[in-house]
Amino acid sequence: MANRLQNEKSPYLLQHKDNPVDWYPWSAEAFEEARLKNKPVFLSIGYSTCHWCHVMAHESFEDAEVARILKDFVCIKVDREERPDIDAVYMDVCQAMTGSGGWPLTILMTPEQKPFFAGTYFPKASRRGQPGLTELLMQVKQLWEHDHEKLIEAGNHITSFLLQNRKKDAIEPDKSIVMEAYELLKQNFDAQNGGFGGAPKFPTPHNLLFLLRFYRREKKPTALSMVEKTLSNMAKGGIFDQIGGGFSRYSTDEKWLIPHFEKMLYDNALLIPVYLEAYQLTNKECYAQVARRTAEYILRELTDPEGGFYCGQDADSDGEEGKYYAFTPNEIEGVLGREKGAQFCRQYGITLKGNFEGKSIPNRIGQNAQEGRVDDSAIEKLYAYRKQRVDLHKDDKILLSWNAWTIIALVRAGLILNDNRYLIAASTAQRFIETRMADGRNRLFHRFRDGEAAHAGQLDDYAVYALALLELYGATLDANYLKMAVLRAEQMIDLFEDEENGGYFLSGRDAEKLIARPKELYDGAIPSGNSVAAVALGRMAALTGSVLWWERADRQLRFISGQIRDYPAGYSFAILAIMAFLYPHRELICTGKTLPEQLREYLQKYPADEISIIYKSEQNASLLAELAPFTADYPIEQATLYYLCENGACRTPVDDFEQLPLEM
């Protein structure tokens with residue numbers, strides 16, 4: 001019989017609705033049950049495309065013996081993508097108690113939500129020195145019955161540690177933070193394979209974006225070469241889906257060959273701008289091609305009919321990790337024919353021995369980017385064959401912040417690749433957010449699925465969405481996007497800012513009260529909401545010229561600078577905001593009857609982070625005067641005029657775009 005998860009919307013929770021475990025969703029009812037019956041709480045946090053979450057589910061949560069033991073606990077399932085606030089609190093616990101973290105996240109705690117034990121994956125029974133879940137649960141059961149106070153005391157102690165105010169002083173940002181981040185990344189760079197550190201190896205797109213911006217500002221060739229080595233090797237490896245486009249979560253080896261096969265929306269959305277900016281700087285078509293194929297993957301595989309974007313695809317198919325992606329030579333030749341199949345196998349490393357459990361993951365490691373590529377028809381045939389062979393589970397939740405990252409990626413792709421389909425997809429997704437994930441001009445919602453918007457939007461939702469709206473404004477120069485960005489950024493400040501200690505909390509002041517109110521700063525797999533807020537506030541200040549927005553941006557920059565000074569390489573997206581503050585920035589105001597095509601052509605060619613562009617016409621003059629009051633002083637003449645300012649000094653206006661000194 002289905003348990004209490006049967007009425008949930010989360011694909012992850014629904015995966016567990018038929019478990020013999022009596023799961024609750026996170027709710028007041030669950031904790032009230034624990035209090036009334038004096039039971040400890042077993043909390044399990046994961047997500048639907050997580051391989052090890054599946055393993056633990058099959059081994060333990062589908063097992064009748066484990067379910068019997070768990071009757072002495074109140075069991076709660078949480079989708080970490082739906083409730084990042086809960087996940088953040090208990091991931092901090094796990095990292096503090098064990099020195100590491102990950103998913104599935106396993107927490108044991110009191111009915112008052114105070115944790116006394118934390119870990120990640122546990123096999124059902126002890127194995128190779130790793131404790132088993134059944135033994136762990138039996139020990140906790142005994143302690144709860146016979147030494148209850150000891151566990152309560154441990155929970156109180158851990159909670160007290162979480163609530164400690166480990167405040168760092170705000171400081172003025174300076175270039176030493178930027179230079180140290182570069183040096184630390186350089187020390188950790190894998191010169192042979194690209195990327196940072198050893199296996200497992202993650203793409204960390206924001207590290208690469210920082211290095212690209214650092215190269216442009218400081219003209220250090222090593223910064224660009226690190227990026228190019230990484231982007232090239234990733235594109236050749238198995239982490240990039242050579243058949244269907246898009247990137248897997250991470251590589252299990254140091255040379256990007258064997259991926260952890262789940263494909264997440266946010267990884268792909270974050271990588272597209274990196275490849276596009278590398279293309280702008282180097283003019284190498286191979287980078288544009290990877291960005292294009294990744295954008296096509298999102299549009300083809302992860303796009304909802306209404307225009308939102310799904311979370312990702314599973315690593316497993318038919319219960320086997322990677323089965324969907326691996327091939328044998330016989331399969332390839334059966335699809336393409338002997339001659340063309342043999343050619344493909346040579347070019348994509350498909351061998352009889354295989355490189356993954358007796359089969360081969362297509363890759364181009366060791367080959368030049370354009371050398372000996374097969375024609376697109378072969379790729380299309382293999383893609384069609386693969387689609388029919390096995391099914392991949394798709395997590396069809398729509399998360400606001402991940403959709404906002406995707407809007408940013410598609411706006412850049414549409415502009416730089418001169419493909420209007422991507423801009424249309426980005427604007428459609430933005431309308432989806434406003435119509436399906438927002439309470440009018442009031443609260444944003446974090447998740448949409450199956451006709452339902454739920455869970456109050458969190459810091460990342462507001463910060464990344466504000467940045468996405470600014471990105472749409474920058475590409476279209478439609479002042480309505482700027483107006484919406486101002487609204488959502490003002491709401492972000494009202495809901496999340498910590499006025500006493502600086503920075504922004506993850507959850508809003510109107511959110512459910514947990515044992516701690518997390519404030520995330522580290523730029524992990526996804527840049528933190530605090531880092532994104534710093535970037536968005538800086539852009540808002542530059543566009544509006546408002547003293548109020550400059551004060552807000554400065555406040556966040558000083559907070560972040562104080563937080564990251566000990567290890568700035570872990571906060572590479574935050575440093576983008578610091579660099580925008582420290583290095584020269586230009587403002588270009590264009591007035592005229594019609595939007596000049598030269599502005600769009602300029603943005604296609606050059607990265608846009610060093611310049612803020614405002615276009616004023618008769619149609620938007622009053623709106624711009626409201627959003628950016630300084631624009632009221634710029635007259636609209638019969639001829640188009642360009643006003644260029646840099647570092648507080650403005651040049652004489654010109655009527656010829658070619659006269660502007662805009663070359664980088």
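Author: Two strands pair if DSSP finds at least two bridges between them; helices (H or I, at least four residues) and strands (E, at least two) are DSSP runs, numbered from the N terminus. This is a predicted model, in which local features need pLDDT of at least 70, side-chain atom pairs count only at pLDDT 80 or more, and totals for chains, interfaces and linings use all residues. Residues are numbered from 1 along each chain as its sequence is written, and side-chain values use heavy atoms, with hydrogens and water left out.

Reader: How do you know that strand E2 (residues 41–46) and E3 pair?

Author: DSSP must find at least two bridges, and E2 and E3 have six, in the parallel sense. Within E3, valine 74 is the bridge partner of valine 41.

Reader: What makes strand E1 (residues 23–25) and E3 a pair?

Author: Three bridges join E1 and E3, also in the parallel sense, and tryptophan 23 stands opposite cysteine 75 of E3.

Reader: Why is strand E3 (residues 74–79) called mostly covered?

Author: Buried means under 20% relative accessible area, exposed over 50%, partly exposed in between (1.4 Å probe, protein chains only). Six of the six residues of E3 are buried; Val74, Ile76 and Val78 point one way, and Cys75, Lys77 and Asp79 the other.
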